[in-house]
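Please look over the sequence and the structure shown here before reading on. The report that follows takes up charged side-chain pairs and then the sheet with the helices around it.

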Amino acid sequence: MRPQIVLFGDSITQQSFSLGAWGAALADTFSRKADVLVRGYGGYNTRWALFLLHHIFPLDAATPPLAVTIFFGANDAALSGRTSERQHVPVEEYKENLRKIVHHIKECSNKVLVLLITPPPIDEDGRFKYARSLYGDKAMKLPERTNEVTGLYAKQCIELAEELGIPSINLWSKMQETDGWQKKFLNDGLHLTPEGNEVVHLEVTRIFAELGLSPTEMPLDFPHHSKIDPETPEKAFQIKCE
């Protein structure tokens with residue numbers, strides 16, 4: 001049985017198996033080495049994600065995942081009193097919810113590689129234009145998310161990773177290192193373009209490799225075709241895959 005890599009998060013994770021998206025790219029990177037499972041839930045915040053833990057990561061699972069990415073915060077950071085306030089989670093609670101998620105996964109197995117990913121930055125102008133394209137004059141007049149506030153959530157995510165001694169990706173900062181990041185990496189001010197997805201894919205594979213989870217070092221699930229003798233194919237399946 002192949003080991004599993006579970007992607008747990010909100011819509012940015014749910015969309016990660018779209019054409020050219022980061023989850024699909026990760027599945028290709030680990031092809032025949034590990035199964036990449038998407039557990040992304042559009043619109044969810046960390047408060048609601050807690051209700052999913054025992055379903056997605058049962059404590060009595062025979063084989064816990066090899067690695068898990070936790071990618072929440074874009075909805076938690078929705079502003080109270082604005083159009084998306086039902087998703088808002090105070091930043092202090094967001095940090096503690098992430099802590100609970102990590103602890104639960106580590107309770108399944110302390111060997112699981114857990115990787116925290118911050119929410120991406122917010123292009124407020126892009127969000128407004130997207131809302132206008134959907135709702136016209138009825139669209140929001142004030143932003144439902146701001147880059148400044150989302151940065152506070154990203155900061156808490158990184159701080160928690162440091163406290164727990166687990167790896168993290170500061171996507172909020174990383175993307176803003178590139179000029180024109182607003183339109184290059186975000187297609188509606190929040191969700192990812194193909195270029196934005198590539199940033200996530202490269203960062204996740206980089207961190208995994210640094211921590212010993214490199215596909216080049218992992219065995220194939222079954223022998224490579226070059227190892228199969230057409231005259232006696234059964235011999236190839238009696239030895240450990242290399």
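## What counts as a salt bridge

A salt bridge is taken here to be a side-chain nitrogen of Lys or Arg that lies within 4 Å of a carboxyl oxygen of Asp or Glu. The model under discussion is a predicted one, and by this rule it holds 15 salt bridges.

## Salt bridges around Lys183

Asp123 and Lys183 bring their side chains together in a salt bridge, with 2.8 Å from N to O. This pair connects distant parts of the chain, since Asp123 sits in the loop between β4 (113-117) and α6 (124-135), while Lys183 belongs to helix α9 (residues 181-185), and the two are 60 residues apart. Asp123 has a relative accessible area of 6% and is therefore buried, the cut-off for that word being under 20%.

Lys183 also forms a salt bridge with Asp125, where the closest N and O atoms are 3.9 Å apart. Here too distant parts of the chain are linked, with Lys183 in helix α9 and Asp125 in helix α6, 58 residues apart. Asp125 has 38% relative accessibility, so this residue counts as partly exposed.

Another salt bridge joins Glu163 to Arg99, whose closest N and O atoms are 3.0 Å apart. Because its relative accessibility is 45%, Glu163 counts as partly exposed.

Through shared partners, salt bridges join Lys95, Glu96, Arg99, Lys155, Glu159 and Glu163 into one network.

## The sheet and the helices on it

Strands of a sheet pair through backbone hydrogen bonds, and they do so either parallel or antiparallel. In this model 5 strands make up an open sheet, arranged in the order β2-β1-β3-β4-β5, and the pairing is parallel. The edge strands, each of which pairs on one side only, are β2 (35-40) and β5 (168-169). Strand β1 (residues 4-9) runs parallel to strand β3 (residues 67-71), and 5 bridges join the two; within this pair of strands, Gly9 has Phe71 of β3 as its bridge partner.

Helix α7 packs on the sheet, where it touches β4 and β5, and its direction makes about 155° with that of β4. Helix α10 (residues 194-210) lies across β1, β3, β4 and β5, and it runs at about 145° to β4.

Definitions and conventions: Residues are numbered from 1 along each chain as its sequence is written. This is a predicted model: local features need pLDDT of at least 70, side-chain atom pairs count only at pLDDT 80 or more; totals for chains, interfaces and linings use all residues. Side-chain values use heavy atoms; hydrogens and water are left out. Buried means under 20% relative accessible area, exposed over 50%, partly exposed in between (1.4 Å probe, protein chains only). Helices (H or I, at least four residues) and strands (E, at least two) are DSSP runs, numbered from the N terminus. Two strands pair if DSSP finds at least two bridges between them. Contact means heavy atoms within 4.5 Å. Axes are lines fitted to C-alpha atoms, for helices over the stretch in contact, and angles run from 0 to 180 degrees between N-to-C directions.
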